[in-house]
Amino acid sequence: MTAIFALALAYLIGSIPTGYLATRSVAGADIREHGSGGTGATNVQRVLGWRWGLAIALSDVAKGAVVVVLSRWLGVSEWFVAGAATLAVAGHCWPVWLRFRGGKGVATGGGAAIALSPWGLLLLPIIALPVVLTRYVSLGSVVASASAPVIFAVLSLLGVAPAEYVMFGLLASAIILAKHRTNIGRLLAGSERRIGGPRRGAPAA
């Protein structure tokens with residue numbers, strides 16, 4: 001019963017729509033009707049500016065980390081800790097509060113990965129390098145997401161992290177990559193928006 005509670009709580013925490021709430025509060029607008037249509041930090045940055053984008057990124061990272069910490073505190077097995085981390089990402093992407101229209105899970109997945117193992121911090125330079133070199137946030141997100149299961153598989157083989165965390169890496173990566181499928185298409189077509197490009201559909205503050 002505790003394990004089921006941990007999983008349900010993980011989904012609900014992950015589904016807290018921080019970007020939506022911030023945009024409603026600051027601009028009185030629905031973030032899903034502007035920019036990329038997502039509720040995550042990248043779209044908030046496009047609509048409200050980098051300060052709010054950073055604040056939402058940190059809050060979304062915290063959602064993933066808190067879920068892992070709470071699951072461990074509840075004493076569930078590593079399988080359920082990994083499951084809770086995955087459901088936090090799913091909750092962010094498909095929040096029940098917003099009719100399952102959310103963000104793309106990168107920050108929440110990153111927070112969960114770091115909380116699962118400090119080696120999850122390796123994802124920071126992995127996501128940053130493509131962004132710095134190309135100014136495509138989506139490219140960094142895709143590369144980091146694809147790297148997560150590899151990192152956890154190596155950590156498992158080295159005995160540094162439980163094998164159960166590979167499941168999180170695989171499932172979270174699959175979710176995030178699926179949410180980025182249109183971005184991947186635009187990257188391949190050369191039409192993806194770069195950092196610093198013109199903001200589209202920004203509401204009046």
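A salt bridge here means a side-chain nitrogen of Lys or Arg within 4 Å of a carboxyl oxygen of Asp or Glu. What you're looking at is a predicted model, in which local features need pLDDT of at least 70 and side-chain atom pairs count only at pLDDT 80 or more, while totals for chains, interfaces and linings use all residues. Residues are numbered from 1 along each chain as its sequence is written, and side-chain values use heavy atoms, with hydrogens and water left out.

Let's stay with the charges. Side chains of opposite charge can pair when their charged atoms come close. A search of the whole structure turns up three salt bridges. In the pair we started with, Arg32 counts as buried at 15% relative accessibility, and Asp30 is buried as well, at 7% (buried is under 20% relative accessible area, exposed is over 50%, and partly exposed is in between, using a 1.4 Å probe and protein chains only).

Another bridge joins Asp60 and Lys63, at 3.5 Å from N to O. Both residues sit in helix α4, residues 50–73, three residues apart, or about one turn of the helix (helices are DSSP runs of H or I with at least four residues, strands are runs of E with at least two, and both are numbered from the N terminus). Asp60 is buried at 1% relative accessibility, and Lys63 is buried at 6%. Then there's Arg186 with Glu192, where the closest N and O atoms are 2.7 Å apart. Arg186 is partly exposed at 30%, whereas Glu192 is buried at 8%.

So what about a buried charge without a bridge? Lys179, in helix α9, is buried yet has no salt bridge, and the nearest side chain of opposite charge, Asp60, is 12 Å away (Lys and Arg count as positive, Asp and Glu as negative; His and the chain ends are not counted). Leaving out residues up to four places away in sequence, Lys179 touches Cys93, Trp94, Gly103 and Lys104, where contact means heavy atoms within 4.5 Å.

Now for the greasy parts. A nonpolar core is a set of buried Ala, Val, Leu, Ile, Met, Phe, Trp, Tyr and Cys residues joined through side-chain atoms within 4.5 Å. The largest one has 27 residues, and those with the most contacts inside it are Val68, Val89, Leu116, Phe152, Tyr165 and Phe168. Two or more residues each come from α1 (2–14), α5 (78–93), α6 (106–116), α8 (137–157) and α9 (164–179). Apart from this core lies another, of eleven residues, including Tyr20, Ala22, Ile31 and Val44.

On the surface, Leu12, Ile16, Leu21, Trp94, Val96, Trp97 and Phe100 form a nonpolar patch with about 660 Å² of accessible area together. Phe100 is in the loop between α5 and α6, and is partly exposed at 47%.

Finally, a look at the backbone. Most residues other than glycine have a negative phi. Arg99, in the loop between α5 and α6, has a positive phi of about 55 degrees and is exposed at 75%. Arg135, in the loop between α7 (123–134) and α8, has a positive phi of about 65 degrees and is partly exposed at 41%.

Definitions and conventions. Patch = residues over 30% accessible without salt bridge, like charges linked within 9 Å, V, L, I, M, F, W, Y side chains within 5 Å. Areas by Shrake-Rupley, 256 points an atom, 1.4 Å probe, with all protein chains shown as cover.
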